Amino acid sequence: MSNRFLTPNSTLKTPGSKGLRMSTIELIGVSFDGFGREGHQARAAAALRNAGLETAFSGHEIVLSSDIQTPKPEPERAARSGMMNEAALLTMTRAVHARVRAALDDGRFPLVYGGDCTVLLGAVPALRDEIQDVGLLFVDGHEDTTPLDVSTDGEVANMEIALLLGITGKLAPVALRERLPALTPPALAMLGQRDKELRRELNVASLAHRGVLLRTDEDVADDPAGLAREAVAHIATNVSGWWLHTDLDVLAQDELVAQCVPGDVDVPGGLRWPQLTELVSAALQAGGCRGWSITIYDPEQDPDGSEARRIVRFVAAVAPNVP
């Protein structure tokens with residue numbers, strides 16, 4: 001394995017290997033906290049590297065990009081849009097879009113890590129701009145479809161799927177709206193959700209009623225690999241390539257404690273690490289994946305780094321299946 005550090009504007013040509021074609025994975029760290037806090041999820045990328053993330057991809061060429069940085073966080077809602085930490089959000093999504101697009105242009109497989117689900121607001125449009133019709137396999141404990149105008153806290157990681165689909169967003173800044181919508185319901189598959197009660201409280205209907213393939217945590221627990229293959233087959237009938245997103249809050253709370261955000265209430269259920277590993281491995285094996293994001297880890301809830309190391313072991317277990 002070769003590890004190389006690149007600045008955002010640098011390029012790397014993968015050297016040939018004797019009869020063996022190795023894919024090149026670009027690690028794109030994101031220093032961003034959706035609640036506008038100093039530290040917390042903004043420290044996740046560095047913590048995962050310190051836990052050995054670069055060593056998880058044996059057999060692949062690794063490109064390590066410098067972390068995406070954002071302006072000083074603002075733990076308040078923007079006056080017009082109502083979005084929390086808006087300036088940092090716009091900077092982050094713009095940078096993710098540029099980094100992912102550059103990686104794809106150069107034939108690399110982008111892995112976006114750190115931050116929260118709002119990284120998808122940069123990554124999915126970037127893949128859409130590259131291949132036109134884009135799909136998304138969304139592995140998450142929530143559907144993330146809260147409309148902007150009914151959000152109680154303005155936390156955009158609760159609404160990024162609604163934004164990507166164009167269900168909400170009229171109040172969003174132009175810099176964000178100009179890349180949206182980027183998805184259609186048939187090109188979206190969701191696995192692991194367990195937020196029925198929360199959506200009921202907010203009066204938000206499930207995307208299962210809009211033509212999205214959706215399987216709950218209980219469904220997935222019974223057959224992780226089978227439902228992963230079903231999800232990829234569903235997406236593949238509508239697009240030529242797709243993005244994989246893994247929000248670690250799909251795990252049961254006792255499997256990963258360092259996943260909590262302000263206002264969280266522990267909801268029963270969730271996947272176990274072996275189930276998540278089986279699911280992601282099968283999805284990658286099914287083919288067509290063009291990039292991957294891993295989010296929702298707070299190092300400040302993991303003082304000894306043991307959960308960061310567990311995340312790295314998960315990545316290492318599925319890494320042989322990265323195309």
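Reader: How many aromatic pairs does a search of the whole structure find?

Author: A search of the whole structure finds two aromatic pairs, where rings of Phe, Tyr and Trp (its six-membered ring) pair if their centres lie within 6.5 Å, and where planes under 30 degrees apart count as stacked, over 60 as edge-to-face and the rest as tilted. One of them is formed by W273 and F314, a tilted pair with 5.5 Å centre to centre and 45 degrees between the planes. Please keep in mind that this is a predicted model, in which local features need pLDDT of at least 70 and side-chain atom pairs count only at pLDDT 80 or more, while totals for chains, interfaces and linings use all residues. Residues are numbered from 1 along each chain as its sequence is written, and side-chain values use heavy atoms, with hydrogens and water left out.

Reader: And which parts does the pair of W273 and F314 tie together?

Author: W273 lies in helix α9 (residues 273-285) and F314 in helix α10 (residues 306-318), so the pair ties together parts that are 41 residues apart in sequence; helices (H or I, at least four residues) and strands (E, at least two) are DSSP runs, numbered from the N terminus.

Reader: Is W273 buried or exposed?

Author: W273 is buried, with a relative accessible area of 4%, and F314 is buried as well, at 0%. Buried here means under 20% relative accessible area, exposed over 50% and partly exposed in between, with a 1.4 Å probe and protein chains only.

Reader: What kind of pair do W292 and F314 form?

Author: W292 and F314 form an edge-to-face pair, with 6.3 Å centre to centre and 80 degrees between the planes. This pair links distant parts of the chain, since W292 is in strand β9 (residues 289-295) and F314 in helix α10, 22 residues apart. W292 and F314 are both buried, and W273, W292 and F314 form one aromatic cluster.

Reader: Changing topic, where does D33 lie?

Author: D33 lies in the loop between β2 (24-29) and α1 (44-50), and at 2% relative accessibility it counts as buried. A polar atom of the D33 side chain lies 3.1 Å from the backbone nitrogen of F35. Leaving aside neighbours within four places in sequence, D33 is in contact (heavy atoms within 4.5 Å) with G39, H40, Q41, A42 and N85.

Reader: OK, and what does S151 touch?

Author: Not counting residues up to four places away in sequence, S151 touches R77, T146 and M159. S151 is in the loop between β5 (134-139) and α4 (160-165), and its relative accessibility of 11% makes it count as buried. The backbone nitrogen of D153 lies 3.4 Å from a polar atom of the S151 side chain.

Reader: In which sense do strands β6 and β7 pair?

Author: Strand β6 (residues 188-193) and strand β7 (residues 213-216) pair in the parallel sense over four bridges, where pairing requires that DSSP finds at least two bridges between two strands. Within this pairing, M190 stands opposite L214 in β7.

Reader: Last one, what about the overall make-up of the protein?

Author: The protein has ten helices and nine strands. Its C-alpha atoms fill a box of roughly 60 × 45 × 45 Å, taken along the principal axes, and 59% of the 323 residues count as buried. Among contacts between residues at least 6 apart in sequence, 77% join residues at least 24 apart.

How values were computed:
Polar contact = N/O pair within 3.5 Å; in protein donor to acceptor, adjacent residues only side chain to side chain.
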